Amino acid sequence: NYDYHTIDLHASYSKTIKNVHNFYGLAGYQEEEAFYNQLQGEATNFYSDAITTLSTSSENFKASDQLYDWATRGLFGRLSYNYDEKYFIEFNIRHDATSRFRKEDRWATFPSVSGAWNVARENFWAFKDIVSQFKLRGSWSTSGNGNVGGYYPFYPTINTSISNAIILDGKFVSTASLPPLVSNSLTWAKPTTIDFGFDMNAFKNRLE
């Protein structure tokens, strides 16, 4: 059984003033939640090959299950401005949470900023008939990765099993192993990216 639901809401607004000032804004909300539940049984040596059920088998009965859930929630926004398709700047921000971390380490903020200059729109550009766009761009951004260490990485878990090497009173014994060390401040991985580049259109946009 796998249940999953998601909510994705966003609204945007754009405005142009005097044909040169171009504004754009975006705000939104995202949510995901998933629940997984599995139960499995198996056995061998069926009394009849025509009816393969657990109750019509005689050996090696086994049962197993798996259960987990997870959830994420996030707010995001964007604000951008460009002047006469010549100068560009954009700000982005996300504020996200995941159930994979403890409550005090669950939320994190990820900003970014980018800018560009279309040199080909300047009056001094001498190659307008050949190169219609030559846009220099750069950006700095942070992003988050919450998929680290499984579904509940902040819990020290004890693994249990049946030992095939130790017998007490004629039975194999159950064993438990020490849990691994768990960080008390485990939270988002936060890679940072710095990017530079340019866009160019030439020969009446036949070359991009």
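Student: Is Asn-118 buried or exposed?
Tutor: Keep in mind that this is a predicted model. Asn-118 sits in strand S5, residues 107-118. Its relative accessibility is 4%, and the cut-off for burial is under 20%. So Asn-118 counts as buried.

Student: Which residue's backbone nitrogen lies 3.1 Å from a polar atom of the Asn-118 side chain?
Tutor: Start with what Asn-118 touches once residues up to four places away in sequence are set aside: Glu-85, Lys-86, Phe-88, Gln-133, Phe-134 and Lys-135. One of these supplies the backbone nitrogen at 3.1 Å from the side chain. That residue is Phe-134.

Student: How many bridges join S1 to S2?
Tutor: S1 covers residues 2-17 and S2 covers residues 21-46. The two make a hairpin with three residues between them, and Ala-11 stands opposite Ala-27 in S2. The strands run antiparallel, and the number of bridges joining them is 16.

Student: What is the bridge partner of Glu-31 in S3?
Tutor: S2 pairs with S3, residues 57-83, in the antiparallel sense over 24 bridges. In S3, the partner of Glu-31 is Arg-73.

Student: What distance separates the C-alpha atoms of Gly-25 and Gly-77?
Tutor: Gly-25 belongs to strand S2. Leaving out neighbours within four places in sequence, Gly-25 is in contact with Ala-11, Ser-12, Tyr-13, Arg-78 and Leu-79. Gly-77 is 52 residues away along the chain, and the C-alpha separation is 7.5 Å.

Student: What accessible area does the nonpolar surface patch have together?
Tutor: Take Tyr-87, which lies in strand S4, residues 87-98. Tyr-87 has a relative accessible area of 38%, so it is partly exposed, and patch residues need over 30%. Other members include Tyr-83, Trp-117, Phe-124 and Met-200, and together the patch has about 1100 Å².

Technical notes:
Residues numbered from 1 in each chain as written. Predicted model: local features only at pLDDT ≥ 70, side-chain atom pairs only at ≥ 80, totals over all residues. Heavy atoms only, no water. Patch = residues over 30% accessible without salt bridge, like charges linked within 9 Å, V, L, I, M, F, W, Y side chains within 5 Å. Areas by Shrake-Rupley, 256 points an atom, 1.4 Å probe, with all protein chains shown as cover. Salt bridge = Lys/Arg side-chain N within 4 Å of Asp/Glu carboxyl O. Helix = DSSP H or I, 4+ residues; strand = E, 2+ residues; numbered from the N terminus. Buried < 20%, exposed > 50% of the residue type's maximum accessible area, 1.4 Å probe, protein only. Pairing = 2+ DSSP bridges. Contact = heavy atoms within 4.5 Å. Polar contact = N/O pair within 3.5 Å; in protein donor to acceptor, adjacent residues only side chain to side chain.
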